[in-house]
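Good morning, everyone. Please have the sequence and the 3D view open, and follow along as I talk.

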Amino acid sequence: MEALCKNLVFDGFIAVDPQGKSGGIAMFWKTDDKVELQSFSCSHIDVIVRSNVKAEWRLTGIYGEPARTSRHKTWELLRNLARDANLPLCLIGDFNNVTSQADKKGGSNYPRYLIDGFNSCLVDIQAHDLDIIGHQFTWERGRNSDHWIEIRLDRVLANNQWLSMFDMAKVYDLEGSPSDYSPLLVEKAE
């Protein structure tokens with residue numbers, strides 16, 4: 001991971017190794033700001049960003065529980081992180097969930113109980129979903145077939161404090177179309 005960080009010319013990184021054949025999460029940054037690790041698990045990396053220009057704020061990278069029957073674990077993690085957040089908070093990553101049927105194209109409808117559970121969590125943590133500029137879907141399967149499915153699983157969520165601090169922030173889909181991995185870029189206009 002260190003070699004990748006240097007090859008991509010990042011200033012720093014934090015990585016959590018995968019468990020078994022899946023998972024793993026990493027956070028890379030290019031900044032003069034100080035990044036201080038608060039907590040981590042196989043599902044998240046939570047840091048405080050200390051800046052010379054802005055007040056400090058929290059950034060949390062998320063990898064949502066892939067098993068539908070265990071999604072509640074991700075929602076509980078988000079609630080616990082937000083409960084501890086007395087700073088502006090931004091959450092970014094693969095939440096493995098949608099907020100509405102519009103977040104999915106193709107296949108059968110997304111289970112209503114998962115949509116309702118995720119939205120209830122977002123209300124509880126007072127997080128707003130930032131729109132993506134570019135292609136809206138961040139995961140796909142079955143491209144160019146009758147079974148093509150596209151879903152928006154990756155997103156950026158922020159509380160009101162963070163949105164006030166970075167009121168010009170924008171989220172871009174860097175790929176322009178979905179793939180197994182669709183990186184998002186958050187541009188925080190200072």
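Let's begin with contacts across the chain. Take those between residues at least 6 apart in sequence: 54% of them join residues at least 24 apart. Keep in mind that this is a predicted model.

Now the parts list. The chain has 4 helices and 14 strands. Of its 190 residues, 43% count as buried.

Next, the interior. In soluble globular proteins, nonpolar side chains tend to be buried together. Here, the largest nonpolar core has 23 residues. Which residues have the most contacts inside it? They are Ile62, Leu78, Leu91, Phe95 and Ile125. Several elements give two or more residues to this core: helix 2 (71–83), strand 6 (89–94), helix 3 (112–125) and strand 11 (149–151). Helix 3 gives the most, with 6 residues.

Zoom in on Phe95. Leave aside its neighbours within four places in sequence. Phe95 is then in contact with Ile62, Gly64, Arg71, Leu78, Phe118, Leu153, Arg155 and Leu157.

On to cysteines. How many disulfides does the structure hold? It holds 0. Cys90 has a relative accessible area of 2%, which is under 20%, so Cys90 counts as buried. Cys121 is buried as well, at 0%.

Now a pocket. The second largest pocket has a volume of about 210 Å³. Its lining has 14 residues, and Arg68, Tyr110, Trp139, Arg141 and Ile151 lie nearest its centre. Strand 10 (139–141) and strand 11 each supply at least two residues of that lining.

Last stop: two backbone angles. Gln126 has a phi near 55°, a positive value in a residue other than glycine. Find Gln126 in the loop between helix 3 and strand 8 (128–129). Is Gln126 buried or exposed? Its relative accessible area is 57%, which is over 50%, so Gln126 is exposed.

Asn144 also has a positive phi, near 60°, and is not a glycine either. Asn144 sits in the loop between strand 10 and strand 11. With a relative accessible area of 70%, Asn144 is exposed.

That's my tour. Thank you.

How values were computed. Residues numbered from 1 in each chain as written. Predicted model: local features only at pLDDT ≥ 70, side-chain atom pairs only at ≥ 80, totals over all residues. Heavy atoms only, no water. Disulfide = S-S within 2.5 Å. Buried < 20%, exposed > 50% of the residue type's maximum accessible area, 1.4 Å probe, protein only. Core = buried A, V, L, I, M, F, W, Y, C linked by side-chain atoms within 4.5 Å. Contact = heavy atoms within 4.5 Å. 1 Å grid on protein atoms, 1.4 Å probe; cavity = no way out; pocket = protein on both sides within 12 Å on 5 of 7 lines; lining within 4 Å. Points joined across faces, edges and corners; volume = space filled by probe spheres on them.
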